[in-house]
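Hi there,

I'm passing a structure over to you, with some notes on what turned up in it. Have a look at it first, and then read on.

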Amino acid sequence: MSRIGKLPITIPAKVEVKVDKNTVHVKGPKGELSQKLSDGITVAIDGTTMTVERATEAKHHRSLHGLYRSLINNMVVGVSQGFVKQQELIGVGYKATNQGQLLDLVLGYSHHFIFEIPAEVKVTTKTEKGTPPTIILESADKQLLGAVSAKIRSFRVPEPYKGKGIKFTGEVLRRKAGKSAAKK
């Protein structure tokens, strides 16, 4: 039995869950999400708990059991609490500003990066003296939030020598010594 798949999902008070054939719909104060289920995976709702069950012990069903439980749990947490990702711009002259859903990044290239953020993700930028510029992304959809933050990071991935680039807040980068350290 899958250790993750057999864990029950608790449904918070303000969250509604509906199951239509092989689709799970979750609605809450932060938004509305849905997930289509694969054949052989079912969802049983019992009061304020929900369990994900599989039809057989086949390898295909066993591999999907924990996956769908995690996806549904992320949907429940997302519509009730939401998810937040913060990214810092490390480098001289790096800037981040936003106007609505347009994110304007200055990352040391000859041009600006203007990135349109999807409507489901709320973006804010923060620039304070003494701290690096910060991009704050909030959403109910964890998958979409991760994809958007990975795309933003891909514009300037942190390099290992000086650490310049876009990194997640709290991320520890592996630093390398320069060639002057090798001569000594």
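Strand S7 (residues 83–90) and S13 pair in the antiparallel sense over four bridges. Here strands (E, at least two residues) and helices (H or I, at least four) are DSSP runs, numbered from the N terminus, and two strands pair if DSSP finds at least two bridges between them. Ile-90 is found opposite Gly-165 of S13.

Before going further, please keep in mind that this is a predicted model, where local features need pLDDT of at least 70 and side-chain atom pairs count only at pLDDT 80 or more, while totals for chains, interfaces and linings use all residues. Residues are numbered from 1 along each chain as its sequence is written, and side-chain values use heavy atoms, with hydrogens and water left out.

S7 and S13 belong to an open sheet of four strands, in the order S11-S12-S7-S13, with antiparallel pairing. At its edges are strand S11 (122–126) and strand S13 (165–168), each pairing on one side only. On average, neighbouring strands of this sheet are turned by 25° against each other, direction ignored. Helix H2 (residues 142–154) packs on the sheet and touches S7, S12 and S13; the direction of H2 makes about 5° with that of S7. For such angles, axes are lines fitted to C-alpha atoms, for helices over the stretch in contact, and the angles run from 0 to 180 degrees between N-to-C directions.

**Ser-139**

Strand S12 (residues 134–139) holds Ser-139. Is this residue buried or exposed? Ser-139 is buried, because its relative accessible area is 7%, and buried means under 20%, exposed over 50% and partly exposed in between (1.4 Å probe, protein chains only). Leaving aside residues up to four places away in sequence, Ser-139 touches Gly-82, Phe-83, Glu-120, Val-121 and Leu-145; contact means heavy atoms within 4.5 Å. A polar atom of the Ser-139 side chain also lies 3.1 Å from the backbone nitrogen of Asp-141.

**Helix H1**

Helix H1 (residues 59–80) has 22 residues, which at 1.5 Å a residue should span 32 Å; the expected span is 1.5 Å times one less than the number of residues. The end C-alpha atoms of H1 are 33 Å apart, which agrees. Buried residues of H1 include His-61, Leu-64, His-65, Tyr-68, Arg-69, Ile-72 and Met-75. Just after H1, Gly-82 takes a positive phi of about 90°.

Strand S2 (residues 16–20) and strand S3 (residues 23–28) run antiparallel and are joined by five bridges, with Asp-20 opposite Thr-23 in S3. They form a hairpin with two residues between them, and Lys-21 in the turn has a positive phi of about 50°. S3 also pairs with strand S4 (residues 31–36), in the antiparallel sense over six bridges. A hairpin through two residues joins S3 to S4, and Gly-28 stands opposite Gly-31 in S4.

Strand S5 (residues 41–46) and S6 run antiparallel, joined by six bridges. Their hairpin has two residues between the strands, and Gly-47 takes a positive phi near 70° there. Thr-49 in S6 stands opposite Asp-46 and also opposite Thr-10; S1 and S6 pair in the antiparallel sense over two bridges.

In a regular strand the side chains alternate between the two faces of the sheet.

**Pro-8**

Pro-8 lies in the segment before strand S1 (9–10) and is partly exposed, with a relative accessible area of 47%. Pro-8 touches Met-50, Thr-51 and Arg-69, not counting residues up to four places away in sequence. The C-alpha atoms of Pro-8 and Asn-73 are separated by 9.2 Å, though the two are 65 residues apart along the chain.

**A three-stranded sheet**

Another open sheet has three strands, in the order S8-S9-S10, with antiparallel pairing. The edge strands, each pairing on one side only, are strand S8 (95–99) and strand S10 (113–116). From one strand to the next, the twist averages 20°. Four bridges join strand S9 (residues 102–106) to S10, and Asp-104 is opposite Ile-114 in S10.

Enjoy exploring the model!

Best wishes

Methods:
A polar contact is a pair of N or O atoms within 3.5 Å; within protein, one must be able to donate a hydrogen and the other to accept it, and residues adjacent in sequence count only if both atoms are side-chain atoms.
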